[in-house]
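Here is a short report on a single chain, written to be read with the structure open. Have a look at the aromatic residues as you go.

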Amino acid sequence: RPSQDGGEGFDMRFECADQLVVVRGKKAWGQLADKNLVMIYDDVTTSYGMMRDLQWWYDLAALNPWVTGKVLAAAKHVAEDWEEVYGPDERTGRDCVFVKCAHEAESRFWFVCDLETKLIIEAKYWNWSSPDPEGPPACHATSFVYNEDLDDNLFEFQMPEGVRIIDKAKIRKIEQEARVLSDRAERLFMEGKFAESIE
């Protein structure tokens, strides 16, 4: 859904057996159950790791914040390598368009859009963790419900007890400071100031 705080982005909850992602506007929490880990992103749009998977949705939300019959046109506007095939859907028997497309180098999509409602009824997604579009997708959604009233609590992240927490904003700051020191050391080295460079 569009962000309820009036800011950019959207509110989203993605949950499966081994991970949970909650996005509120630009803030996000990513929980990896198998690693007993929660990553916190104060501004998901500045984090390559999280944005790699969410960029498509942010681009779509900017064009079409409400999931309506315009989703196909909006998706086509931000996608690459767009291919369409028309025919009946095996599951529903309804006339549909079957789309293959990409978003930047690491995200590939396949989805089925009902021609009458113009809404997506099935979708697959391949990313960096599943790069072969002929192989198993990272996500395969087969059931979509539109315009359902959603409880606001659905978009609240409850921090589990005993998990390791990685604050991505703090890590980003540390990485920036390390980069500044590394650049300074390299300049000193090029000037022949080896002791200062090592320090």
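Is W82 buried or exposed? W82 counts as buried, because its relative accessibility is 19% and the cut-off for buried is under 20% relative accessible area, with exposed over 50% and partly exposed in between (1.4 Å probe, protein chains only).

A word on the source: this is a predicted model, where local features need pLDDT of at least 70 and side-chain atom pairs count only at pLDDT 80 or more, while totals for chains, interfaces and linings use all residues. Residues are numbered from 1 along each chain as its sequence is written, and side-chain values use heavy atoms, with hydrogens and water left out.

**Overall layout**

The chain has 4 helices and 10 strands, taken as DSSP runs numbered from the N terminus (helices H or I, at least four residues; strands E, at least two). Their order along the sequence is β-β-β-β-α-α-β-β-β-β-β-β-α-α. With a radius of gyration of 21 Å, well over the 16 Å from the globule rule for 199 residues, the chain is more spread out than a compact globule. That radius is taken over C-alpha atoms, and the rule is 2.2 Å times the number of residues to the power 0.38. The C-alpha trace spans about 75 × 40 × 35 Å along its principal axes, and 34% of the 199 residues are buried.

**Aromatic pairs**

There are 6 aromatic pairs, counting rings of Phe, Tyr and Trp (its six-membered ring) with centres within 6.5 Å; planes under 30 degrees apart are stacked, over 60 edge-to-face and the rest tilted. Two of them are shown here.

| Pair | Centre to centre | Angle between planes | Type |
|---|---|---|---|
| W82 and F111 | 6.0 Å | 70 degrees | edge-to-face |
| F109 and Y125 | 5.0 Å | 25 degrees | stacked |

W82 sits in strand β5 (residues 80-88) and F111 in strand β7 (residues 107-114), so this pair links parts of the chain 29 residues apart. F111 is buried, at 3% relative accessible area. F109 is in strand β7 and Y125 in strand β8 (residues 120-126), so their pair ties together parts 16 residues apart in sequence. Both F109 and Y125 are buried too.

**Out on the surface**

F194 belongs to helix α4 (residues 194-198) and is partly exposed, with a relative accessible area of 47%. Together with F189 and M190, F194 forms a nonpolar surface patch of about 370 Å² accessible area. Such a patch takes residues with over 30% relative accessible area and no salt bridge, joining nonpolar side chains (Val, Leu, Ile, Met, Phe, Trp, Tyr) within 5 Å.

Technical notes: Patch = residues over 30% accessible without salt bridge, like charges linked within 9 Å, V, L, I, M, F, W, Y side chains within 5 Å. Areas by Shrake-Rupley, 256 points an atom, 1.4 Å probe, with all protein chains shown as cover. Salt bridge = Lys/Arg side-chain N within 4 Å of Asp/Glu carboxyl O.
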